[in-house]
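Subject: Handover of a structure

Dear colleague,

I am passing the structure below to you for your records. Please look through it before reading the notes that come after it.

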Amino acid sequence: MARGGPVIAVDGPAAAGKGTLARRLAEALGLPYLDTGLLYRAVGRLALDAGRDPADPAQDIAQTLSPDALRRPDLRATEVAEAASKVAAQPLVRAALVETQRRFARESGAVLDGRDIGTVIFPDADLKLFITASPATRALRRFLQMGGDTTAPEAAQKLQEMEEALRARDAADAGRETAPLCIASDACVIETDTLDAASVLAEALRLARARLAGTAAV
């Protein structure tokens, strides 16, 4: 599809660090950035607000999604993440949001992060990155981001609950019939268990600059 600039797809499971990387990568390369997961979170949030089961058809919400819905401060709540996973499993919801994502990148290119950017939304992306980490590492990161204290008596239980929730989310995302979470055959995989955010960004920039310059990166 014709577009005015490079497209970089950043995929991976929840809490792997893909959002942080994609934002910083877009800033470093001077490209627009879109967190596509917010689209599904917004649909899920609106379904909950309407008293609807997020597992029920929600394409009407996706088709009329407004920019204001993406700016809500409550899109990171746990119940919204669960609702997002349910609406994202619906083929008609995904179909309604595909064009939104592609349109975003057409004018000047973009960095987009999600779970099916390199496999479905932009299978011809200039660079595909798959960011991953173990469920235990991802649970710890999310716990700390939420202000958790690892020395607190209840920390171990909360971390275990978060890890179990992430494993369930991974299974749901990978097992859905429409656009399941998977690694594109031509994606560059970056495992972040032992890397900090700066190191992940440095590796992504190396890959991006080499690929966009038309040279082999790996």
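The notes below cover the sheet, a pair of helices and the pockets.

This is a predicted model, in which local features need pLDDT of at least 70, side-chain atom pairs count only at pLDDT 80 or more, and totals for chains, interfaces and linings use all residues. Residues are numbered from 1 along each chain as its sequence is written, and side-chain values use heavy atoms, with hydrogens and water left out.

The sheet

Five strands form an open sheet in the order β2-β3-β1-β4-β5, with parallel pairing. Strands are DSSP runs of E with at least two residues, helices are runs of H or I with at least four, and both are numbered from the N terminus; two strands pair if DSSP finds at least two bridges between them. At the edges are β2 and β5 (188-191), each of which pairs on one side only. On average, neighbouring strands of this sheet are turned by 20 degrees against each other, direction ignored. Three bridges join β2 and β3 in the parallel sense, and leucine 34 has leucine 112 in β3 as its bridge partner. Helix α5 packs on the sheet and touches β1 (7-11), β2 and β3, its direction making about 155 degrees with that of β3. Contact here means heavy atoms within 4.5 Å, while axes are lines fitted to C-alpha atoms, for helices over the stretch in contact, with angles from 0 to 180 degrees between N-to-C directions.

The helix pair

Helices α2 (residues 37-49) and α4 (residues 78-88) pack at about 105 degrees, and their axes are 7 Å apart. The two are therefore roughly perpendicular to each other, a term that covers angles of 65 to 115 degrees. Among the residues making the contact are Tyr40 and Arg41 of α2 and Val80 and Val87 of α4.

The pockets

A pocket is an open set of points on a 1 Å grid over the protein atoms alone, where a 1.4 Å probe fits, with protein on both sides within 12 Å along at least five of seven lines; lining residues have an atom within 4 Å of a point. The volume, about 1,200 Å³ for the largest pocket, is the space filled by probe spheres set on the points, which are joined across faces, edges and corners. Of its 48 lining residues, Ala14, Ala15, Arg41, Arg76 and Arg142 are the closest to the centre. Helix α8 (155-175) gives the most to this lining, with seven residues.

The second largest pocket holds about 260 Å³.

Yours sincerely

How values were computed
Parallel < 35°, antiparallel > 145°, perpendicular 65-115°, else oblique.
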